[in-house]
Amino acid sequence: MKAFIYESAPARVIFGFGTATQLTQELERLCVSRALVLSTPERKNKAEEISACLGAKRAGIFAGAVMHTPVHVTEEAVDVARAFQADVVVAIGGGSTIGLAKAIALRTDLPQVVLPTTYAGSEMTPILGETKDGLKTTQRTLKVLPEVVIYDVELTYSLPANTSITSGINAMAHAVEALYAKDGNPIISLMAEEGIRAFGVSLPRLASDPKDRDARAQALYGAWLCGTCLGAAGMALHHKLCHTLGGSFNLPHAETHTVILPHATAYNASFAPQAMAAVARALRVENAADGLFDFIQRVGAPTSLAQLGFMESDIDRAMEIATRAPYWNPRPVEPEALRTLLTRAWAGKRPH
Ligand code: NAD
């Protein structure tokens, strides 16, 4: 066994069905009494409904969260928080809403209570990505790590089947890269393998019945584990490629992760045999990359970048942007091999 460092981030995690009703108790535990509740515009009614139990502890609602955490939205939300004299932020939503809570916490030091409603996993990470003037920058600081995470399986019932599946595969990608991370460790590897297993059993069931309660619970449990992996270990080629494709070509976040994952896995396969064995065990398949590709096809998720609107003529530019700044990856990042990877991913071919 190779030497490792294990550092666990502080986390209070409440998991179950109907746990959103524990929100008031959690605010009391934190000794706060004026919550600013955050959501996306589409989920405002749901945020109102869930936070109604807070009574006078609900200082106000800000339903302006959008993808990629634009700084001008954060500044508006901080002004609202100050106007309401909020002493805590409560985020009800996916990565976009949680990103806004983190950005407010960074600027105000307000504690955060988060109720995740997708599987993206941001709630378990000390990472914040923000956008200003079209540029997305990412930072890592414990100041943005939520104090309390309330996983309520019932909040995920409304997530449409296709979004649930791509969101789940986005989470699996955190676990796959944690398994071969330079700063990985045996505990995070246990979580990663278990997270992939949980999605391996739940996503096919959600594809046929998005209201399957047990599958919803397994998927949310997987999201917690995979989010913890993302927070604890450095990511490599897969996340860099998806960041490039999302940031510079405006491709949809979770769908891009879904298409790229089998290809990035195949790229690194011979340089990370233990990680590949763990993925294969978790999915009960012989080969990690092929198994992921077959899995994605089986659950009806996208397998080609062309399907997402990416142009073949942009492959060279994507390759150039993705290789501009050096970063660690189990296998050296070679431009020609990357072109082959992107070309196969564009066409929806099997990884190799
Ligand atoms: P999202 O939060 O943007 O949500 C996608 C859409 O689904 C929104 O319209 C939202 O209103 C809706 N929605 C959310 N939950 C729903 C539910 N239960 N029922 C019905 N509709 C629902 O999407 P996401 O994939 O969760 O988050 C993506 C963003 O999060 C990206 O900006 C990404 O960079 C970021 N992210 C950050 C981290 C991190 O650690 N910092 C980790 C993962 C993702």
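What are the helix and strand percentages of the chain over residues 165–345? Over residues 165–345, the chain is 72% helix and 0% strand, and the end C-alpha atoms lie 19 Å apart. Helices (H or I, at least four residues) and strands (E, at least two) are DSSP runs, numbered from the N terminus. The model is predicted: local features need pLDDT of at least 70 and side-chain atom pairs count only at pLDDT 80 or more, while totals for chains, interfaces and linings use all residues. Residues are numbered from 1 along each chain as its sequence is written.

For residues 165–345, an unreviewed UniProt entry records the feature "domain: Fe-containing alcohol dehydrogenase-like C-terminal"; such annotations may be inferred rather than shown by experiment.

The chain is divided into two domains, with bounds from an automatic or database domain assignment.

| Domain | Residues |
|---|---|
| Domain 1 | 12–156 |
| Domain 2 | 161–347 |

Taken over C-alpha atoms, the domain centres are 26 Å apart. In the contact between them, 17 residues of domain 1 meet 18 residues of domain 2 (C-beta atoms, placed from the backbone, within 7 Å).

An open sheet of 6 strands runs in the order β1-β8-β5-β4-β2-β3, with parallel pairing (two strands pair if DSSP finds at least two bridges between them). Because β1 (12–16) and β3 (58–62) are at the edges with a single partner strand each, one side of each is left without a neighbour in the sheet. Within the sheet, β4 (residues 88–93) and β5 (residues 112–116) run parallel and are joined by 5 bridges. V89 has Q112 in β5 as its bridge partner.

Terms used: Contact = placed C-beta atoms within 7 Å.
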